Amino acid sequence: MDVLRSVGRAASDGVGFLPIYIGPTLMIALWWLVLRKILRISKQNRITSLADFRRFALRQERAAGGVVTIIAVVGIVPYISCN
């Protein structure tokens with residue numbers, strides 16, 4: 001069970017545990033830049049949802065927004081059901 005924890009994984013894998021922490025660490029360091037850009041784009045284009053944002057970013061049709069909404073709901077259900 002100790003292998004699943006950070007210290008145990010670092011001890012057994014060496015630097016193999018590092019990629020797990022690179023993404024969140026970069027996001028913590030750069031969150032304000034990303035958020036400012038998202039807010040600017042959202043206000044300029046009157047985007048109100050994640051589905052609209054993705055549709056705008058990829059220049060796709062309205063159905064793509066619906067697909068994103070379904071994927072987001074399915075993806076968040078396990079997190080909601082655990083609490």
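In which helix is the place of serine 42, and what does that part look like?

A: Serine 42 has its place in helix H2. Keep in mind that this is a predicted model.

Start with the setting. The chain has four helices and zero strands. From the N terminus on, its elements run α-α-α-α. Of its 83 residues, 10% count as buried. The accessible surface of the chain comes to about 7100 Å². Carbon and sulfur atoms hold 68% of that surface.

Now the helix. H2 covers residues 18-45, which is 28 residues. At 1.5 Å a residue, H2 should span 40 Å. The C-alpha atoms at its ends are 38 Å apart, so the two values agree. H2 also has a bend of about 70 degrees, placed at leucine 30.

Next, serine 42 itself. Its relative accessibility is 15%. Buried means under 20%, so serine 42 counts as buried. Which residues does it touch? Leave aside the neighbours within four places in sequence, and serine 42 is in contact with Ile47 and Phe53.

Finally, go past the end of the helix. Arginine 46 follows H2. This residue is found in the loop between H2 and helix H3 (50-58). Is arginine 46 buried or exposed? Its relative accessible area is 75%. Exposed means over 50%, so arginine 46 is exposed. Serine 42, in contrast, is buried.

Technical notes: Residues numbered from 1 in each chain as written. Predicted model: local features only at pLDDT ≥ 70, side-chain atom pairs only at ≥ 80, totals over all residues. Heavy atoms only, no water. Helix = DSSP H or I, 4+ residues; strand = E, 2+ residues; numbered from the N terminus. Expected span 1.5 Å × (residues − 1). Bend = angle between axes of the 7 residues up to and from the residue. Buried < 20%, exposed > 50% of the residue type's maximum accessible area, 1.4 Å probe, protein only. Contact = heavy atoms within 4.5 Å. Areas by Shrake-Rupley, 256 points an atom, 1.4 Å probe, with all protein chains shown as cover.
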